[in-house]
Amino acid sequence: MQITFLHLADTHIGIENYGRLDTATGLHTRLQDFVKSLRFAFEEALREEVDLVIFAGDAYRSCDPTPTHQREFAALIRMLAAAGIPIVTVTGNHDSPVAFGKASSLDIFGTLRTEGVYVVSDEQLLTIKTRSGPVQVACLPWLHRSRLVAKSPYRNLSQEEIVEVLQDLGARIIEGLAARVDPRYPAILAAHVAAADATLSGSEQTAIIGRDPVFLTSTLANPAFDYVALGHIHKFQDLNPGGHPPVVYPGSIERIDFGEEAENKGVCMVTIGDREEAAEDGPKREVRYRFVRTPARPFKTLSVQVKSDEDPTTAILEEIGRHTLTDAVVRVIYELADNRADTVDLKAVRQALDAAFLVASIAPKPRAQAHIRRADISEDMGLKEALHAYVQNHPELEDLEDDLQACAARLERELLEGSG
């Protein structure tokens, strides 16, 4: 028996930064980027005639997508349903509301009983009938704190204690699911989790996040499973290279910001087949996978060091000429030598960048500033005011302040809702 399936995650439909409204369609151009990459992935699944699609969480940017975002995502899901390809989706942290008991952004597919679409918000073991035979999918959705704080034994626990309880709970769930696996059939663990050994994506390294439950690779790589399909981390990686089972993050399908400009974006095409000669104490099945790049929007930073005898505009234009920037989101950061105060001909630079999809910024590199004492950030400040003061102390974060403030506001709301 051999099965082939598509593994993807973190599509984040609804992220609309570094773009503009497309007047021809009425849609934001970045929405079109994310939809384009997801359509490409599903078309690859159709072309490869896969038996199954595993979606490891975070379909949307938030748990309350707009009707337009829902329409675009549902139209692509319909592609798979029309071809008779089942899709199993575990809910991620962006799919589910913080408040206990509220529906996730994906529950509508279950409510409508869309044939072949399985939306899993609680841990369970599914047996999916495919054209190549039955496949077992053990599902571990994102473990929200609200799962515990709504129950009386856990209401007075600190955030650190709640995280420890969730980590222990997740480990026991994985062990319990593994114990129920029928070894006669292929088995996949689909989980939206943070792994301790994972390398964070560039954008994730600058995000303000609360502490998440973190799982060891040894916990995830339970030998009862043939493949571990993860979601949550945006960088493609195998946490158990050469081992059994592979423990894989496919990463996100589209770049979010400049923190991800050097990362390839894509999905994984996976094949599980019986070994011709399997050792008694080894895995019975052979697993192969390959990374398939999606047509993600390129992001490009041009860093220009202007020499003391150079004209800044000329130096920038020469650097632009060394790169292919067609359809890219571009930013230019230039540094003047010897504290020069020359001006740059921004009109000429923008004309040279005419082939770019979007010019995010043309700005001098922030000069080093004297360190501001931490005492200037006091405990009686509000979160917004304290974060602004912190960014003022770290000029390299100035371009990210709007995103950081948005994340901080969301975190503050989630903490308030979680404690309510």
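1. At 1% relative accessibility, Lys265 counts as buried, where buried denotes under 20% relative accessible area, exposed over 50%, and partly exposed in between (1.4 Å probe, protein chains only). The side chain of Lys265 joins that of Glu263 in a salt bridge, 3.0 Å from N to O; the term requires a side-chain nitrogen of Lys or Arg within 4 Å of a carboxyl oxygen of Asp or Glu. Glu263 is also buried, because its relative accessibility is 9%.

2. The model is predicted: local features need pLDDT of at least 70 and side-chain atom pairs count only at pLDDT 80 or more, whereas totals for chains, interfaces and linings use all residues. Residues are numbered from 1 along each chain as its sequence is written, and side-chain values use heavy atoms, with hydrogens and water left out.

3. Over the whole structure, 16 salt bridges are found. Side chains of opposite charge can pair when their charged atoms come close. One of the salt bridges links Asp33 to Arg30, with 2.9 Å between the closest N and O atoms. Both residues belong to helix 1 (residues 29-48) and are three residues apart, about one turn of the helix; helices (H or I, at least four residues) and strands (E, at least two) are DSSP runs, numbered from the N terminus. Asp33 and Arg30 are both buried. A network of salt bridges connects Arg30, Asp33, Glu254 and Arg297.

4. In helix 8 (residues 312-321), the buried residues are Pro312, Thr313, Ala315, Ile316, Glu319 and Ile320. Viewed down the axis of helix 8, they fall within an arc of 165°, so they line one face of the helix; the arc is that of the directions from the helix axis to the C-beta atoms. These buried residues pack against strand 15 (299-306), strand 16 (329-336) and helix 9 (346-352).

5. Glu319 also forms a salt bridge with Arg322, the closest N and O atoms being 2.6 Å apart. Glu319 counts as buried because its relative accessibility is 17%, whereas Arg322, at 57%, counts as exposed.

6. Thr4 lies in strand 1 (residues 2-8) and is buried, with a relative accessible area of 15%. Leaving aside neighbours within four places in sequence, Thr4 is in contact (heavy atoms within 4.5 Å) with Val50, Asp51, Leu52, Met269, Val270 and Thr271. The side chains of Thr4 and Thr271 make a polar contact at 3.4 Å. Such a contact is a pair of N or O atoms within 3.5 Å; within protein, one must be able to donate a hydrogen and the other to accept it, and residues adjacent in sequence count only if both atoms are side-chain atoms.
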